[in-house]
Amino acid sequence: MKRIAFITTLLAGLLFIIAPYKAHAQCKQQMVYACATKGKSIYLRDFNTKLRSSKQHERSARWTVVLNKDAHYRFNLCTPEGYEDKVIMTLYDSQHPEKTNPYGSTYDLKTGQHSDSFDFICRKSGMYYISIRLKEGVKIKKTCAVGILSFVGSTH
Amino acid sequence: MNKGEVKKYFFVLLMIIFVSQIFVVSGCKKDKDKIEIPKNLPIHEERPSPQNQEVVDQIVSSFPSPVEVAAIIKDMEVPFSKKYLADPGIIDNYDINFKKAFGLGILSADLGYLNVYERTTLIVEYLSSIKRLADDLRVGQFFDFQAFKRLATSNENLDSLVFLSVNSFSNMNQYLQENARGNLSLLMVTGVWLEGLYLMTQVYKEHPNDRLRELIGDQKAIFTILYQGLKLYKDDDYFKKILDEFKKIDKIYSQITITYEKVKTPQQTKTQSGIPVYEQQERSVINITDQQINDIITITEQVRNKLINL
């Protein structure tokens, strides 16, 4: 009885300590920095998120992004080790839906191959969507992922 | 379990909670997201309605980074010129938070230009003004002035300088949005966008080229989004002044038409290092006359100079 009471007390206390930190499970700044500075392109923006398979709304995250015409952009995806083939980053809009015909993705729907980055040559300025999501069927407790948008150069 | 033991475990639980709270509180001191916002904000900083807030958040979070225009201009091999930049001393006249937020956007775009062109000696001068504005807006905690200064003066690792610059700007923006001060964020991105347009038009005056001409015309798409966002605050005096000026830009952009055509290029190729490259299969065609581009140059200069001196 004493042992049960002691364990219950300890667990309650630990839960109280851990709870405030659980809400913030995005990738750490060091990882964002490493991902943002690994190429020669100019860093423009990052998309940092936590991912969890148990909750549907935490399987993915979405951002809007304005891109400029005739700019060559690079999208890099970084995840903790071991999660490289479990997370997908996709660029899309309403005319090019995320799951059927996106502009670009780190996962090639036809070949089933993963890459950690893709380039996009924008031909019309406007608002686009970026999503980072767990691949269909992947079950994991939690992880984080960071996408980096950078500028490669102009094309005209 | 007797009464004494229950008391003992209750006491242990209380102690754990007490100790954990010390950790949590001390952790919060280091956590930049936990700065308290005073309940009574100055009258000029009324909080936006939740509906407006949502629209504004989407606009602000989607907007281009303060270094993007500079990166495009540098890529055109246009030489650096200090005369395109705002005087960092202008901030002395900024007496309300709305002006400070707008000025923070203007100077952040200039800082982006200096970073991309690696003008480290000038960077420190701009950093001081940006830091002052950020502190006044109570977002200075996202701005590591010492790290900036160290990177700028050491003349090393310019990638880090760009990262720090863009990251600080987006953290300030995100913090303002999360604390229902999205109207200040909107003014920051307005400043960034206007300074970017000013930079493009000034460069075009001296180095005219088709790429820049199209880019200036194509800003219509981005301007339209921004203009709609600003209109949400049309009842505020300061926003009204900005809208009055933006009406002039709108008048010219409404004459410019954008059409779309299909592009016949392979959709996917690869870079030399094996990165897949996707090219958009539709392109916008900007129908802009010489008169219209000249009007945009003139009006942008007038509007920008008026707004930074308001």
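A: Happy to! In chain A, buried residues make up 42% of the 156 residues.

Q: What should I know about where the model comes from?

A: This is a predicted model, in which local features need pLDDT of at least 70 and side-chain atom pairs count only at pLDDT 80 or more, while totals for chains, interfaces and linings use all residues. Residues are numbered from 1 along each chain as its sequence is written, and chains are lettered from A and ligands numbered from 1 in the order in which they are written.

Q: What are the ipTM and pTM scores of the model?

A: The model has an ipTM of 0.81 and a pTM of 0.80.

Q: And what is the mean pLDDT of chain A?

A: First, pLDDT is the predictor's confidence in each residue, from 0 to 100. For chain A the mean is 84, and 84% of its residues reach 70 or more. Over residues 6–24 of chain A, though, the pLDDT is below 50, and this stretch has 15 contacts in the model beyond near neighbours in sequence. Two residues are in contact if their C-beta atoms, placed from the backbone, lie within 7 Å.

Q: OK, how many helices and strands does chain A have?

A: Chain A has two helices and eight strands. Helices (H or I, at least four residues) and strands (E, at least two) are DSSP runs, numbered from the N terminus. Along the sequence the pattern reads α-α-β-β-β-β-β-β-β-β. Among the contacts in chain A with a separation of 6 or more, 75% are between residues 24 or more positions apart.

Q: Where does A:D70 lie?

A: A:D70 is in the loop between β2 (60–67) and β3 (71–78) of chain A. Its phi is positive, about 60°, although A:D70 is not a glycine.

Q: Is that residue buried or exposed?

A: A:D70 is buried, because 21 other C-beta atoms lie within 10 Å.

Q: How do α8(B) and α11(B) cross?

A: Helix α8 (residues 182–206) and helix α11 (residues 290–308), both of chain B, have axes that come within 9 Å and cross at roughly 135°. That angle makes α8(B) oblique to α11(B). Axes are lines fitted to C-alpha atoms, for helices over the stretch in contact, and angles run from 0 to 180 degrees between N-to-C directions. Angles under 35 degrees count as roughly parallel, over 145 as roughly antiparallel, 65 to 115 as roughly perpendicular and the rest as oblique.

Q: Which residues of the two helices meet?

A: Among them are B:L194, B:L197 and B:Y198 in α8(B), and B:I296, B:I297 and B:R304 in α11(B).

Q: And what about α8(B) and α9(B)?

A: The axes of α8(B) and helix α9 (residues 210–231) of chain B come within 11 Å and cross at roughly 160°. That makes α8(B) roughly antiparallel to α9(B). The contact includes B:W193 and B:M200 of α8(B), and B:L212 and B:I216 of α9(B).

Q: One more: what does B:M76 touch?

A: Not counting residues up to four places away in sequence, B:M76 touches A:S154, B:N209, B:R211 and B:L212. B:M76 sits in the loop between α3 (68–75) and α4 (97–116) of chain B, and counts as partly exposed because it has 15 C-beta neighbours inside 10 Å.

Q: And B:E77, buried or exposed?

A: B:E77 is exposed, with 7 other C-beta atoms within 10 Å. B:E77 is also in the loop between α3 and α4 of chain B, and its phi is near 65°, a positive value in a residue other than glycine.

Definitions and conventions
A residue is buried if 20 or more other C-beta atoms lie within 10 Å of its own, exposed if 12 or fewer, and partly exposed in between; C-beta atoms are placed from the backbone.
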